[in-house]
Every structure is written in C-alpha cells, then in structure tokens.
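Here are my notes for you on this model. Keep the sequence and the 3D view open while you read.

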Amino acid sequence: MDKLKYKDFGVDIDEGNNFIQDLKPLAKETFSDMVFNGLGGFSGCFEMPKNYKNPIICAATDGVGSKLSLAIQHNRLEEVGIDLVAMCVNDLICDFAKPMFFLDYYATHKLIKSDAINIIKGIVKGCKQSHCALIGGETAEMPSIYAKGDFDLAGFAVGIAEKDDMEKRQNIKDGDIILGLPSNGFHSNGFSLIRGIISSKNIDVLCDFHGNYLIDSILKPTKIYVEDFLLCKNKIKALAHITGGGIKENLIRVLPDNMKAIIDEKSIQIPEIFKFFLPYIDKEEAWRVFNMGIGMAIIVSGEHAQSIMQDIQAYIIGHIEIGNKQVILK
C-alpha cells in the first residue's frame, strides 16, 4: 500500500519551517526591551510597561478585506502588510492606547515563501511605524479552503492606555474643534465597490494616473497615525478612525449623548483618486463607504487646535455644538 504524506495534499511542513527561519530576523527588527524570550515559543510574550497609574489593556483585530484581491491580481504584495497593521493600531489609538505588540495570521492555498516574505516585510514596516513589536503569528496552508493563488490576512494588536485618558471624551464640549488628518486614499475600505466599478466599467488600472499607474494609487497603503497620536496625545479629547461607514458613522462613536458634530463638507480636501471614482457613485453612497480623504478625525479644544496643526498634518473640518448625538455634514 502506498503511504501518503501531508505534502501530497498541499501542506509542506519543511517549507513552512524554512519560512519561519527566514522571518525571524525580520520580526526582531521590531523588538523592544519589553519582548520576553523572543520568537519560537508557543506564544508571544511581552512585559507589562511600568509607570501607568491605572493601566487598561486594549485589543484590536482586523484584516485587509477584498483589497487583497486587487493586490494579488496585480502582484502588489509589498504593502498589504502595512494595511494589516494600520487597520488594527489606528483603532487602538482611538482608545488612547499605545500599541505594544502585534500578531498576524496568514492563511493560503500554498505557501510561496517569496510572496510570504514580502508580506511580512510590509507587516514589519507597519510595526516600526507603530512602535510595536511583531512577537508572533501563524501561517496555514489550506488548499481545500483557498483557491490556487489566494490567501487571507488577519492581524491582532494589543496596546496599553491610562484609564484617565480613555475618559477624556467625556469632556467634549460646545465650541471644540474637529481636525481632520489626511488619508493616503481608500486605505482598506470600500474595495468591493471599487472592484465592482473597475469590472463593470472596464477600467484599465494600468493606465497613467498623475505619472503613475492607477492601480498604485488605488492600492496605496493605509496611513498609520500612531506617531501623530503620541506627539499630540495630551491635547486630544477624542479620536475617530474613519473606516467603513465614513465620517458620520465613525465620528459619532466618540461623541457624548448631548453633543453633535458639525462637519464642513466643503473644507475637506478630497484626493484625486476619489475624484476618479466619484462619477460612478451617488454622493451619499461615497460619503458613507469611503473616508473621502480623512483617515482620522480628532476633537480638541479651541486653544490647542493651532498648535496641533503646527505639529502634525491636520486641518479644521468642523466643530462641536450642544445637541442630540449626531454628525451633520453641511
């Protein structure tokens, strides 16, 4: 009787082990003194930071979504790892949590080591931008689940916050200023719609778009706002990561029940990549699906607005008024 092996059914243990050995030095580039025992154990270990009075542990998980389909189709894998980290750590800072460490999950039809290394390099870049350590992950070959050439990514980030900081949003008041931090483009939201437009309208994504291929602007990686947050943390009352649902459905999550946000739609600087696709979408749909050029919104007191705009790339997009909890675009 012929003896069967795991490899006969698409899972190569040796290739997986080789991949782990290659990614170890990449992950170590992100390590801080808080990483305990390095890589190779059954879990990633991290020492608790000191000097917190009332520390709160915060966790976030996310993926890259159907943006991966375009990245795979056009062999643009180098930066989806940045997207993965960004979608998690940008959520963490909205609860005033400083990212501590990150883990990834990479599931694929078949492990192609060169592709996987490119993805990990992107994750490492994202972790460096976020000042967090890549302390572990998991790679799975599942040919019965994924079609040939397909893979999926998931990320998991953990941060630490001071309890008093998390309660700052309770101090939002009439007259506070809303600042918008520019996005890099679509980030990682709305790609089912984007892909549908490209397909139904026969758009050539390799056409010239302001000196580059259109696909490169479409797939520009999600901007990470951790450094901006750390620089201005003490002057911020609230942050809202603008993802699916747009400004209205994300900003409302940080408002007190007796406050409303007024957004000046005309003040928002809409990037050219959005303008390319807007003729194919109803205005209301566009503002609900996309970030429209604002990747993060922050609420600050009037006295701090100017100094923050001097320190980071941000501009005024609205203000706070007394009223029922809602976000109004005017």
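1. Start with Phe 277. Phe 277 is buried, with a relative accessible area of 0%. Buried means under 20% relative accessible area, exposed over 50%, and partly exposed in between, with a 1.4 Å probe and protein chains only. Leaving aside neighbours within four places in sequence, Phe 277 is in contact with Phe 186, Ile 194, Ile 197, Ile 198, Ile 203 and Ile 218. Contact here means heavy atoms within 4.5 Å.

2. A word on the source. This is a predicted model: local features need pLDDT of at least 70, side-chain atom pairs count only at pLDDT 80 or more, and totals for chains, interfaces and linings use all residues. Residues are numbered from 1 along each chain as its sequence is written, and side-chain values use heavy atoms, with hydrogens and water left out.

3. Now the ring partner. Phe 186 and Phe 277 form an edge-to-face aromatic pair, 5.6 Å centre to centre with 80° between the planes. Rings of Phe, Tyr and Trp (its six-membered ring) pair if their centres lie within 6.5 Å; planes under 30 degrees apart count as stacked, over 60 as edge-to-face and the rest as tilted. Phe 186 lies in the loop between E7 and H6, and Phe 277 in helix H10 (residues 272–277), so the pair ties together parts 91 residues apart in sequence. Helices (H or I, at least four residues) and strands (E, at least two) are DSSP runs, numbered from the N terminus. Phe 186 is also buried, at 2% relative accessible area.

4. Which residues touch the most other members of the largest nonpolar core? They are Phe 102, Ile 218, Leu 251 and Phe 277, in a core of 95 residues. Helix H3 (residues 80–92) gives the largest share, eight residues. A nonpolar core is a set of buried Ala, Val, Leu, Ile, Met, Phe, Trp, Tyr and Cys residues joined through side-chain atoms within 4.5 Å. A second, separate core has eight residues, including Met 100 and Val 158.

5. Next, the sheet. Four strands form an open sheet in the order E3-E6-E4-E5, with mixed pairing. Strands pair if DSSP finds at least two bridges between them. Strand E3 (55–63) and strand E5 (133–141) stand at the edges, each with a single partner strand, so one side of each has no neighbour in the sheet. Strand E4 (residues 98–108) pairs with E5 in the parallel sense over eight bridges. Phe 102 has Leu 134 in E5 as its bridge partner.

6. Two helices meet this sheet. H3 packs on the sheet, touching E3, E4 and strand E6 (151–162), and its direction makes about 145° with that of E3. H4 lies across E4, E5 and E6, at about 165° to E4. Axes are lines fitted to C-alpha atoms, for helices over the stretch in contact, and angles run from 0 to 180 degrees between N-to-C directions.

7. Check the length of H4. His 131 follows H4, and its phi is positive, near 60°.
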